[in-house]
There are 2 protein chains.
Amino acid sequence: VTLSHEIHLASRPDGWPTPENFAFVEVPVPDVGAGEVLVRNTFMSVDPYMRGRMNDARSYAEPYQLGQVLHGGALGEVVVSESPDLEVGQTVLHAFGWREYAWGPAGLFRAVDPAAAPTVSAHLGVLGMPGLTAYVGLLDIASFQAGDAVFVSGAAGAVGSVAGQIAKAKGASLVVGSAGSAAKVAYVEGLGFDAAFNYHDGPVARLLRTAAPDGIDVYFDNVGGDHLEAAIGSLRLRGRVALCGSISGYNTDAPTGPRNLGLATGNRLTLRGYIVSDHGDRMKAFVGEMSQWLRDGTVRYDETFVDGLAHAPDAFLGLLRGENTGKMIVRL
Amino acid sequence: VTLSHEIHLASRPDGWPTPENFAFVEVPVPDVGAGEVLVRNTFMSVDPYMRGRMNDARSYAEPYQLGQVLHGGALGEVVVSESPDLEVGQTVLHAFGWREYAWGPAGLFRAVDPAAAPTVSAHLGVLGMPGLTAYVGLLDIASFQAGDAVFVSGAAGAVGSVAGQIAKAKGASLVVGSAGSAAKVAYVEGLGFDAAFNYHDGPVARLLRTAAPDGIDVYFDNVGGDHLEAAIGSLRLRGRVALCGSISGYNTDAPTGPRNLGLATGNRLTLRGYIVSDHGDRMKAFVGEMSQWLRDGTVRYDETFVDGLAHAPDAFLGLLRGENTGKMIVRL
């Protein structure tokens with residue numbers, strides 16, 4: 001019997017998660033039935049949205065179950081196949097992360113081209129769900145138009161770094177990013193953002209006004225809180241906000257709201273929330289454009305790797321603390 | 001020489017306006033030139049948006065000028081005409097309120113049918129700008145669809161009372177209104193709202209949940225503050241908010257923001273601000289439908305009258321304090 005290890009949700013976090021909320025569990029790998037495959041995972045994703053699923057609360061996705069294995073995006077290699085659709089050795093993308101081995105009907109695993117990007121793990125980031133999140137949020141939710149001035153928070157992260165680069169590629173007049181350290185600010189500037197600031201350097205509203213003195217047309221929000229309030233104060237007539245996430249509020253019982261939301265009336269602002277899984281119909285257009293941007297160097301990406309399934313909780317906690325530059329990935 | 005009286009902005013309010021912010025001024029009426037008319041005003045409107053114009057701040061409209069006459073919607077009777085377009089005795093709608101006489105090129109005055117509604121002053125309310133505000137906000141901004149459950153704040157006011165009735169007329173599954181007194185709640189219920197509550201009776205979030213236990217699809221926001229937060233907490237998937245106004249924050253330096261705005265991401269909420277003056281192209285459709293609704297009794301309206309130009313500031317202050325039921329109008 002082959003043994004696999006997985007990470008279970010041992011208890012629900014109250015505020016910031018701790019290592020005690022996770023359990024490292026050994027399980028037997030079952031026999032592979034007809035039409036099924038066995039996959040040895042090579043990379044798994046940790047993403048901010050996972051924090052919300054650890055609460056037992058109404059959310060857009062089912063909460064993670066207590067005492068059960070976590071899940072999320074992962075890449076692996078087919079090691080046993082009882083399906084004509086997948087061959088041993090193929091690289092597959094699937095939703096059974098947080099474990100060493102994944103198995104099930106072949107239809108739940110999608111073969112990907114490992115050479116489509118400089119690293120295969122790009123399928124978990126710039127070419128995958130985070131990349132599509134940036135693409136849909138900027139173009140469809142915030143209705144970005146060439147000439148718009150754009151502000152992106154979490155700009156060194158997997159989604160924000162791509163959103164800003166797409167805005168540049170599509171003709172933004174200005175792209176400003178915010179991040180949480182001087183090193184990240186340098187990284188964001190290196191990606192081609194016109195300006196970036198460290199939000200620890202002062203009130204966000206002042207830092208944003210300095211970076212975009214004539215205001216902004218689009219705000220891509222990964223953060224919420226004072227970032228959102230600052231953006232509302234800087235948005236010009238008919239400005240648009242893509243509400244992608246609000247990581248600043250994920251681990252607190254007392255998030256703050258934008259006190260200046262009244263400006264939305266006179267300035268005809270639109271704020272719109274979205275979830276990338278509603279927008280699978282955009283995947284083809286996205287992959288087509290993004291593949292070209294990666295080939296010609298228009299879009300660059302970085303990855304922060306943590307090694308070993310046992311350290312996946314550390315990778316997740318580090319992500320919430322902003323320790324990653326670009327996509328945070330666990331290498332198994 | 002004919003003399004007219006007008007109300008000037010004597011000083012800018014700091015927080016709640018006071019009578020000292022207004023001056024009652026006597027001015028001579030000039031001769032009427034070619035192409036011009038002289039109009040004796042009969043009714044003038046006071047509206048919440050006027051509070052914003054009293055600030056010297058960036059807003060959607062030019063701020064009122066210090067030491068100058070205020071302005072706003074008014075109705076009057078042509079008393080002198082040097083234009084072939086308007087006759088003496090005609091009733092006209094125009095933007096030169098806060099004064100006894102108005103004058104200028106005939107093109108700035110629009111003749112209206114005094115018999116189009118039970119009261120001529122309806123042209124300042126249900127058949128005028130506030131009615132169009134309700135119509136556009138509900139149908140175009142919040143994309144109301146038959147079957148939606150709708151919550152309207154300021155439901156006894158000129159805009160809210162109409163928004164709720166339009167929702168009922170167009171097939172809402174539920175229409176809930178909030179207002180600031182038991183008498184107003186009774187009034188709102190009498191208009192055909194399915195439920196109404198007095199927001200002084202407890203936390204708005206709890207009162208709303210009781211009135212709409214299955215949640216809402218549309219929130220028509222005239223109030224902001226805790227009403228908006230409560231609505232965000234009750235909005236279902238793909239819920240929509242028309243940000244029409246936020247009277248709760250107009251007279252304070254410390255408005256509150258919705259602390260639960262993070263829910264907008266997972267619930268795919270859209271919040272959208274608008275100004276009715278952008279939507280003049282909808283006036284014809286609106287007047288067509290509203291005239292019919294008034295004729296067949298589908299939409300009812302009420303008016304609160306204050307007599308005399310000298311009491312216009314009192315009418316405006318009373319409006320901000322919520323002393324009106326339906327449209328607040330100054331009868332000259």
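This is a predicted model: local features need pLDDT of at least 70, side-chain atom pairs count only at pLDDT 80 or more; totals for chains, interfaces and linings use all residues.

Visitor: How is the size of an interface given?

Guide: Often as the accessible area lost when the parts come together. Here chain A and chain B bury about 2,400 Å² between them, and 51% of that area lies on carbon and sulfur atoms.

Visitor: How many salt bridges are found across the interface of chain A and chain B?

Guide: The rule finds four. A:Asp278 forms a salt bridge with B:Arg238, where the closest N and O atoms are 3.2 Å apart.

Visitor: Next, helices. At what angle do H2 and H3 of chain B pack?

Guide: Helix H2 (residues 129-141) and helix H3 (residues 160-169) of chain B pack at about 50°, and their axes are 8 Å apart. The angle therefore makes H2(B) oblique to H3(B). The crossing of H2(B) past H3(B) is right-handed.

Visitor: Which residues make that contact?

Guide: H2(B) supplies B:Gly131, B:Ala134, B:Tyr135 and B:Leu138, and H3(B) supplies B:Val162, B:Ala163, B:Ile166 and B:Ala167. By class, seven are nonpolar, one is polar and none is charged.

Visitor: And how do H2 and H8 of chain A pack?

Guide: Helix H2 (residues 129-141) and helix H8 (residues 283-295) of chain A pack at about 105°, with axes 10 Å apart, so H2(A) is roughly perpendicular to H8(A). Residues in the contact include A:Tyr135 of H2(A) and A:Glu289 and A:Trp293 of H8(A). By class, the contact has six nonpolar, one polar and one charged residues.

Terms used. Residues are numbered from 1 along each chain as its sequence is written. Chains are lettered from A and ligands numbered from 1 in the order in which they are written. Side-chain values use heavy atoms; hydrogens and water are left out. Axes are lines fitted to C-alpha atoms, for helices over the stretch in contact, and angles run from 0 to 180 degrees between N-to-C directions. Helices (H or I, at least four residues) and strands (E, at least two) are DSSP runs, numbered from the N terminus. Angles under 35 degrees count as roughly parallel, over 145 as roughly antiparallel, 65 to 115 as roughly perpendicular and the rest as oblique. A crossing is left-handed if the near helix is turned anticlockwise from the far one by less than a right angle, and right-handed if clockwise. Contact means heavy atoms within 4.5 Å. Ala, Val, Leu, Ile, Met, Phe, Trp, Tyr, Cys and Pro count as nonpolar, Asp, Glu, Lys and Arg as charged, and the others, Gly among them, as polar. Buried area is the accessible area (1.4 Å probe) that two parts lose on being put together, summed over both. A salt bridge is a side-chain nitrogen of Lys or Arg within 4 Å of a carboxyl oxygen of Asp or Glu.
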